[in-house]
Amino acid sequence: MTAPPSTRIRPAEPGDVEAIAVLVHRLAVYEREPDAAEAGPDDFAAALFGPEPKVFAHIAEVDGGGGWEVAGMAVWFVTFSTWKGRHGLWLEDLFVVPEHRRLGLGRALLATLARVCEERGWPRFEWWVLDWNDPAHRFYESIGARPEDEWTTWRLDGSALASLAADAAHDPA
């Protein structure tokens, strides 16, 4: 019987941007939107490690005896609640490659982000889950998370975003 691999969670480093881009693409494939993932390593390098980063990431790694290998990631950013008057954490993407699932990496990534919230005094840790993703729903319920189904997500993008932005050019600020 083979011993389970060692695992660890750590903040992302500049050398992780290639792996992050691959994981994001694999997540897009899993979420049935393979062509939606446009970001590449340069985009992640600028976003995560540029002069004023607004997004952050943690990496899950496994070592089965041949050295540490990236097996998952959590990409997140800081939010703000006007009702609480404090910041919070928004998990943009969580992904663990299928061959390394069931090692506790997803839970470890979430626990690490929960600790970030606790250490910084942030009262909220939130994220989206696709309605059809029942395994994720069950997993998140198992850690005590609950769906916020009283809110509807709205999005403005593409030509509608450009059209509304054009209105601001004519509006005295």
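I take buried to mean under 20% relative accessible area, exposed over 50%, and partly exposed in between (1.4 Å probe, protein chains only).

**Entry 1: the model.** I note that this is a predicted model, in which local features need pLDDT of at least 70, side-chain atom pairs count only at pLDDT 80 or more, and totals for chains, interfaces and linings use all residues. Residues are numbered from 1 along each chain as its sequence is written, and side-chain values use heavy atoms, with hydrogens and water left out.

**Entry 2: the chain.** I found that 30% of the 173 residues of the chain count as buried. I looked up 5 helices and 5 strands, which are DSSP runs numbered from the N terminus (helices H or I, at least four residues; strands E, at least two). Along the sequence I read the pattern β-α-α-β-β-β-α-β-α-α.

Entry 3: I recorded an open sheet of 5 strands in the order 1-2-3-4-5, with mixed pairing; two strands pair if DSSP finds at least two bridges between them. Strand 1 (6-11) and strand 5 (125-127) each have a single partner strand, so one side of each is left without a neighbour in the sheet. Strand 5 pairs with strand 4 (residues 86-96) in the parallel sense over 3 bridges. I noted phenylalanine 125 in strand 5 as the bridge partner of leucine 89.

**Entry 4: histidine 58.** I located histidine 58 in strand 2 (residues 55-63). Histidine 58 counts as buried because its relative accessibility is 9%. Not counting residues up to four places away in sequence, histidine 58 touches residues including Ile9, Met73 and Leu109 (contact means heavy atoms within 4.5 Å).
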